[in-house]
Amino acid sequence: MGDPLERLGLETEMELESTIKEELCMEIDPPFKESVATAEDWRKALNKVVPAVVVLRITACRAFDTEPAGAGSATGFVVDKRRGIILTNRHVVKPGPVVAEAMFVNREEITVHPIYRDPVHDFGFFGYNPDAVQFLDYEEIPLAPEAACVGLEIRVVGNDSGEKVSILAGTLARLDRDAPQYKKDGYNDFNTFYLQAASGTKGGSSGSPVIDWQGRAVALNAGGKSSSSASAFFLPLERVVRALKFLQKGDSYRSKWEAVSIPRGTLQATFLHKGFDEIRRLGLQSETEQMARHASAQGETGMLVVDSVVPGGPAHNHLEPGDVLVWVNGEVITQFLKLETLLDDSVEQKIELQIERGGTPLSVQLFVQDLHSITPAHFLEVSGAVIHALSYQQARNFRFQCGLVYVSEPGYTLSRAGVPRHAIIKKFASEEISKLEDLISLLSKLSRGARVPLEYISYTDRHRRKSVLVTVDRHEWYASPQVYTRDDSSGLWTAKPAFQPESMLLSSAVNGEATHMEHIDQDNHQKLTDGVTSMETSCEHASEELHSQDETGIGSQKQLVEEDMSSDGVVDECSLNETGEVKLENKTTTENAVLRDYQGVTANASIAEQVIEPTLVMCEVHVPSSCMLDGVHSQHFSGTGVIIYHSQSMGLVAVDKNTVAISTSDVMLSFAAYPIEIPGEVVFLHPVHNYALVAYDPLALGTVGASVVRAAELLPEPALRRGDSVYLVGLNRSLQVTSRKSVVTNPCAALNIRSADCPRYRATNMEIIEIDIDFGSSFSGVLTDEHGRVQAIWGGFSTQLRFGSNTSEDHQIVRGIPVYAISQVLDKIISGANGPPLLINGVKRSMPLVRILEVELYPTLLSKARSFGLSDNWIQALVKKDPVRRQVLRVKACLAGSKAENLLEQGDMVLAVNKEPVTCFRNIENVCQALDNGDNDGNLSMTIFRQGCEIDLLVGTDVSDGNGTTRVINWCGCIVQDPHPAVRALGFLPEEGHGVYVARWCNGSPVHRYGLYALQWIVEVNGKPTPDLDAFVNVTKELEHGEFVRVRTVHLNGKPRVLTLKQDLHYWPTWEVRFDPDTAIWHRRIIKSLDC
């Protein structure tokens, strides 16, 4: 209602006073009742209301439509005790999969399930079993929307800011506030008025009842404004009452709720209520205004005006922004409530609208669409992505047509390709996509490892399509694609396979295995399962045209080569004798011409640059969110690697571990010498040194590519010295070789990197190379001599910069990594090591084992060591051993669980090993490797200096492979693994058991809801010890769906804790992903689900 003083400002004083009294009597009816409400009245009302108010614990299990996955709390209240119905907000009930519990004031907790969420307005209902509430006497709260009026004193009763019960007082100030706008890309209410009051509600109060002194709910709390002047927004209850009546037509609660259809109609148009003064400026005729005032309720101050129209909807091309709605089906409509009532009663029917557009009367007939038909009720989950039809809510936000294929959550595969959240998929695998079924059909024809183009648009750049390349997961990081469908009877979303999983086979040209999909014709097979040698990726969307021209040229050259190869390959024996020499000559000439085209080094390049360019590779690494192990801090890394081995059967690339951090990675290799991108596989992660080895299939390069690419020559000896000249050579983002001449300033700088907040790999026991000039902290490559022989890898080291006591930022530094350790491992791989076998490009190869002393050491100057009491004899012996470094190694820490843990202590000086003085980390490595050739059971005879005394100790060493972590388990949404070395380096493992370390947790999972977060060990489940992953699997697979589980944990800081959580096998089955060296594939296995 508008202010009477504004409406009647020109009347006489007597008329003004009389009118004000009359208006007030209409708005506050009856006024004297409110004035006589006492504290006792409020006490009685609250005593009746509070038992019916519940705290809702909500877990949105998947991102869907306007809502992300997550967990939180809200409020609801019982509106039907006999049937078990709780009213709350729509953004609490959620449009997608949700699991919820309600807790009453006496701390009784019951399970609730959604039975209705309105597609537009911010209200929804949960259902529950009334018999489950055994110890509380409560009554339902009646709904009285007619009691809301300006000046009414109210109380908001709910769960405010996580409190059990909070009661806030206020006064209704407005009944005609515009619906609040919360987010540009999220849920917003519209086509309704809201109530406003000066009441500072906070988070958790969503869904609270707004009651009067009689204990009636007059509105539903929905949102608030966070500013200096606290105000809250309340949803009127008229449409809530209508929906509740439909739900109450069913019987009382049974074992399964009977789904009820609530008719809802829409024109896919948004209206705003504007005052007559503004509508006149839009061209409203005086006669129309007079007619509207007389036909409307007394005190009407405006009319409905079209604000926006959704493309493709019933009102599209019929209504325009600025149109003034006059009447519908012959009845004057100036209020939202009357318009919505008419639409809901006319679903699937035509209605006639009279509008005025710029003062011109127009009559249009529109079809009233079923609002539920444009509300998505199923979605596709593939590789962590959630994809469904575009809802009316988001179509209105983005001004797209309803039903388009919408990316609610990009997951792994799509985010790897650069597809953002809220994207609209327009084309996939060169086929137009108009609905979700089109996408599912194309996905079913793809093989694992296939690469296909995808086109999408986003609301932030709606006028341009963007094209990306999508790579289908080769490994089983995620479950096979599933379609979830909403079941309103159970409140659950039921899953079924999107297609037969056996149709997704391993792509050809991967791991040396050729596969064929017989159910696809040859043309489609060529189009959909695009070979790794026939497609390039574009780098930046801003230069798409330039890239397309370049790729066209490259494609024509490769096609020429392929045609020559195929023509030679199919000639029969007799014709080969006659024309073979000519064809061979043509082929050689063609290849030589192509080779000349790919000699891209500039004329003024140094010899080192010319020699090293064919050996450089750009590595793009992506880590699936389902397997972010070992504390890895990002899902995407890139850096320059160098080819250290290249033959017909195998290629190996060495790259720093800041680029390839863990084994659960997808690696794509782009070669500097030949424009092609092929997949690589992580085959070796050095447990100490900062490098990894990535294998590729040389056959995937093609004949020309394999002949252009070559391996670098490694020069481990002689070691670099201070003052030596080196060439820093690497690749920039455009795959162009960049180099500069530099001078070594420190060839043996000891690395000292602090442990990160979340423990992850950090280089220890390493000496690095420093030079005078480089290209900054983001440039990686190699250090070579003037002849292009590689002396060191110029790689990145992950670290953290700390600001104050609680703030840190991920950072990287680049330094030189000597190649001697790489050369040693490479020799073992080529010659055949004695380690575990691994399938590389279809051939099983023995991979080396690395013997290490699991002790973190650091150097101390001999001058400092003398102050600690080290004798002159030892100082002289150490100086004689290494006159350059003049240092002694000291123990910083032993890895927890290592063989040296109980023998060496912090501060011990390592003087000699096997009677030979040691002064640097490489001395320790050499004696450890020598143990593999002896019969001493892997023990080192160490001489140490501890607190003024020399002590001889026999210290055991440990053997590690290069596989990294090879097993991960997901239970209730937490990702558990064996504790990796970075965790053990902290020096603590729980005595109760340390084999089940929580590395990550998932949004919207039970562990998110109950607070079982990362950086702790699970040592007991329901009182049963879990010392390792096998014991953990045996315990958890006995747990049933919906069962409360008691979990005992120990944090990294040693603090024990006991918590409970409720297992949810419907949305969060227990599974594991494990690496199989016989197939070189990460396989996924279900451990426990509803079906097994």
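Predicted model: local features only at pLDDT ≥ 70, side-chain atom pairs only at ≥ 80, totals over all residues.

Entry one, the cores. I found that the largest one holds 58 residues, and that Val642, Ile644, Val683 and Leu693 have the most contacts inside it. Helix α18, residues 820-831, gives the largest share of that core, with 6 residues. Apart from it I found another core of 54 residues, with Val78, Val93, Val133 and Tyr194 among them.

Then I picked Val642 and skipped its neighbours within four places in sequence; its contacts include Leu616, Leu652, Ala712 and Ile793.

Entry two, a hairpin. I saw β49 (residues 939-946) and β50 (residues 949-956) pair antiparallel over 8 bridges. Leu940 stands opposite Val955 in β50. Between the strands of this hairpin there are 2 residues, and Gln947 has a positive phi near 50 degrees.

Which residues does a cis peptide bond join? I got Glu717 and Pro718, with omega about 0 degrees. Pro718 is in the loop between α17 and β36.

Ala429 isn't a glycine, yet its phi is positive, about 55 degrees. I located Ala429 in the loop between β24 and β25. Is Ala429 buried or exposed? Ala429 counts as buried because its relative accessibility is 0%, and the cut-off for buried is under 20%.

Leu735 also has a positive phi, near 60 degrees, and is in the loop between β36 and β37. At 28% relative accessibility, I put Leu735 down as partly exposed.

Technical notes. Residues numbered from 1 in each chain as written. Heavy atoms only, no water. Core = buried A, V, L, I, M, F, W, Y, C linked by side-chain atoms within 4.5 Å. Buried < 20%, exposed > 50% of the residue type's maximum accessible area, 1.4 Å probe, protein only. Helix = DSSP H or I, 4+ residues; strand = E, 2+ residues; numbered from the N terminus. Contact = heavy atoms within 4.5 Å. Pairing = 2+ DSSP bridges.
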